[in-house]
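Here is a friendly briefing to read with the model open beside you.

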Amino acid sequence: MTDETNKRTITAGDLYRFELPADPQISPDGQHVIFTVRRVERETEKKYSNLWVVPVAGGDPRQFTYGDQNDSKPRWSPDGTHIAFLSNRQDEKQPQLYLIPFGGGEARPLTELKGEFGAFRWSPDGSTILFQFRKKDQEALEREEDEQKKKLGVVDRHITRAGFRLDGVGYLPQERWHLWTVDVEGGETTQLTEGEYDEQQPRYAPGGDEILFVSNRSEDPDFHPYEQDIFLIPAAGGQARKLETPVGYKVAPSFSPDGRLIAYVGSEGKGTWWRNNGLWILPVDGSAPARNLTAAHDLDVSNSTLGDVADRPFSAPVWSATGGTIYAQVSRQGNTMVKAITLDGEIVDLVSPTGIISEFSLDRDKQTLAYVWSHFRSPGQVWAYDVESGDTHKLTHFNEAWLDEIDLGEIEEMWFEGPDGNDLHGWILKPPGFDPRRQYPSILEIHGGPWTQYGNLFMHEFYFLAAQDYVVYFSNPRGGQGYGEEHSKAIYHNWGGLDYADIMAWADCVQELPYIDPERMGVTGGSYGGYMTAWIIGHTGRFRAAVGQRVVSNALSFWGSSDVGYLFAEPWADDQPPWENLDIYWRQSPMKFIGNATTPTLIIHSENDLRCNLEQGTQVFLALKELGVDTELVIFPEESHGLSRAGRTDRRIARLNHIRRWFDTYLKG
């Protein structure tokens, strides 16, 4: 270990250095794990990923594919001899399915399609790959093939559905997601489904004779997203059969080993966003209703913990070899772990370290589990867990050498009492070289969502701000996930109520610490955290400076300007659109109170943010200008809602430097 006194502090530019392992897939025999590693090329600002492999028994990881491209989603063939994966190696803008021998040899393309690939699965006998695909619209194909049309670009966009765009994607094609297969030997592709509905998350039955998938076939799926159902079709295509399940969201369905049961993750009810995601099972033959195995435990089957370096994907639950237990991710009190859940609803810890298990897979015999574990000191490594013995060991060591040279500061975990006697959970990050005799400026960070949680996860932004000599503190107020349904439901139809009270109680708690300067407190947050930042400056002047990022400021205009804004009629107004209840929308809008603001506030927004449209940020900026409050607006071109996590690295660095500049000006000036 490097001597603490000789360590440096983290910089914004260190974002270029991260190599991030993800998607660990263990071989059927449990001997190897194949995974992706993502990196950034500083000169071009492009992100690339390649496949790597590591022995489970130990040994150095080795790079398995090479080149400046994006290789992703590696999946072992049932016999472990080949790996299917997605790659854009031949066309940067058009990935295809590829096949590569594990024993060595060149990758060969399996498909030559134009469009987007989703999830894919091998058939049990390894002869076919089932995949989710959305074809490119005919008009787009014609533009690509005609140089004059390509030069002129889009003439018009004919919109007929409410869900016509998606943040990070842009305008959606007219084509829908459907199910396809490709013959592994000959490469012939077959489209199994068609129509005006999306079919997603396909899986083969254990015998390979049927396929299950999730689809919303309600009259208007865009306005009724909770009316998802699980369907079965013959493996060769044909008439779909709907399985009876409660109304509610459904994801990640899978068959039990004997094919008699299906497990899925979901919630029950219309618009009940506050509900926990439960682990459900239902008999394929319809002999009994679907049953929520986790209902009595008040926990959330999800991966809802926020970070800003690595992705936080959700892994589908996995059945044990006997079918008596299901392994699933659970988010609880700042951690995401893997639990073993029996068909009787008993829950025991499987892999539950402090931190986040973001992805996992098991071998054929369900004896060895490969997973990515990240925590406050690590953005993530691949680990292996022996189900029988409980032994764990680390398989990779990415980023450890250079992170060991950095003093990140110390984090203190705290539980404190909320305004209603409720238990609340928070963390305090102290600057490197912390001196308890000093009084420090501080920055309150507020998470997005709100149906997420902060937790034991690496946050580069927090460490960067602490390196500038700030105490950074963050918590999980009511409204988020991970602390039970009562905690999550508390702000339903009342954003800015109990959540604001909890955040102020946290600020009160931290302000009383002897090393906090009460005259130099700042606040920032993005998305829902941006909403709360805008709400705070309209309700209190206690903070010397604020940075509102991708804010939500006006619930009335958000309803129509966000890609999913119209769905927020549920958590804001009990499914009433704005014209039916203007008051309830306006009451929960920070713009209603912006006239009270006196706090110098920087607004940061992305130009292509379709989740929290740019107009939400400009409303706050122009209002503060009108009021004579110190304010600036920084807009990042081409970026979407996820700039802070997945944006172009130079823009992420510029964003951090703007935040630092603003707080330095008003908290240190």
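Aspartate 420 and arginine 478 form a salt bridge, with their closest N and O atoms 3.0 Å apart. Bear in mind while you look around that this is a predicted model. Arginine 478 has another partner in aspartate 502, where the closest N and O atoms are 2.8 Å apart.

**Salt bridges**

- The link from aspartate 420 to arginine 478 spans 58 residues of chain: aspartate 420 sits in the loop between strand 31 (410-417) and strand 32 (423-430), and arginine 478 in the loop between strand 34 (471-475) and helix 5 (485-489).
- Aspartate 420 has a relative accessible area of 52%, so it is exposed.
- Arginine 478, in contrast, counts as buried because its relative accessibility is 9%.
- Aspartate 502 belongs to helix 6 while arginine 478 is in the loop between strand 34 and helix 5, so their pairing ties together parts 24 residues apart in sequence.
- Aspartate 502 and arginine 478 are both buried.
- Elsewhere, glutamate 142 pairs with lysine 149 in a salt bridge whose closest N and O atoms are 3.7 Å apart.
- Glutamate 142 is partly exposed at a relative accessible area of 33%, and lysine 149 is partly exposed too, at 38% relative accessibility.
- In total, the structure contains 31 salt bridges.

**Helix packing**

- Helix 6 (residues 498-511) packs with helix 7 (residues 528-537) at an angle of about 80 degrees, and their axes are 11 Å apart.
- Angles of 65 to 115 degrees count as roughly perpendicular, and helix 6 and helix 7 are therefore described that way.
- On the helix 6 side, the contact uses Asp499, Tyr500, Ile503 and Met504; on the helix 7 side, it uses Tyr528, Met532, Trp535 and Ile536.
- By residue type, this contact between helix 6 and helix 7 has seven nonpolar residues, one charged residue and no polar ones.
- As a reminder for reading such contacts, an α-helix has 3.6 residues a turn, so residues three or four places apart point the same way.

**An enclosed helix**

- How many of the eight residues of helix 4 (residues 460-467) are buried? Eight of the eight are, so helix 4 is largely enclosed by the rest of the structure.
- The buried residues of helix 4 include His460 and Glu461 as well as Phe462, Tyr463, Phe464 and Leu465.
- Just after helix 4, aspartate 469 adopts a positive phi of about 80 degrees.

**Nonpolar cores**

- The largest nonpolar core contains 61 residues, and Ile428, Tyr473, Phe543 and Trp572 have the most contacts inside it.
- Leaving aside residues up to four places away in sequence, tryptophan 572 touches His493, Trp495, Val552, Ala555, Phe558, Ile584, Tyr585 and Gln588.

- Is leucine 279 buried or exposed? Leucine 279 counts as buried because its relative accessibility is 0%.
- Leucine 279 is part of strand 21 (residues 278-283).
- Beyond residues up to four places away in sequence, the contacts of leucine 279 include Ala263, Tyr264, Val265, Leu293, Val301, Pro317, Ile326 and Ile341.
- Leucine 279 and phenylalanine 593 are 314 residues apart along the chain, and their C-alpha atoms are separated by 41 Å.

- Most residues other than glycine have a negative phi, and most peptide bonds are trans.
- The peptide bond running from glycine 449 to proline 450 is cis, with omega near 5 degrees.
- Proline 450 lies in the loop between strand 33 (440-446) and helix 4.
- Glutamate 45 has a positive phi, near 65 degrees, and is located in the loop between strand 2 (32-41) and strand 3 (46-55).
- With a relative accessible area of 14%, glutamate 45 is buried.
- Glutamine 333 also has a positive phi, near 50 degrees, and lies in the loop between strand 24 (325-332) and strand 25 (335-342).
- Glutamine 333 counts as partly exposed, with 31% relative accessibility.

Methods: Residues are numbered from 1 along each chain as its sequence is written. This is a predicted model: local features need pLDDT of at least 70, side-chain atom pairs count only at pLDDT 80 or more; totals for chains, interfaces and linings use all residues. Side-chain values use heavy atoms; hydrogens and water are left out. Helices (H or I, at least four residues) and strands (E, at least two) are DSSP runs, numbered from the N terminus. Buried means under 20% relative accessible area, exposed over 50%, partly exposed in between (1.4 Å probe, protein chains only). Contact means heavy atoms within 4.5 Å. A nonpolar core is a set of buried Ala, Val, Leu, Ile, Met, Phe, Trp, Tyr and Cys residues joined through side-chain atoms within 4.5 Å. Axes are lines fitted to C-alpha atoms, for helices over the stretch in contact, and angles run from 0 to 180 degrees between N-to-C directions. Angles under 35 degrees count as roughly parallel, over 145 as roughly antiparallel, 65 to 115 as roughly perpendicular and the rest as oblique. Ala, Val, Leu, Ile, Met, Phe, Trp, Tyr, Cys and Pro count as nonpolar, Asp, Glu, Lys and Arg as charged, and the others, Gly among them, as polar. A salt bridge is a side-chain nitrogen of Lys or Arg within 4 Å of a carboxyl oxygen of Asp or Glu.
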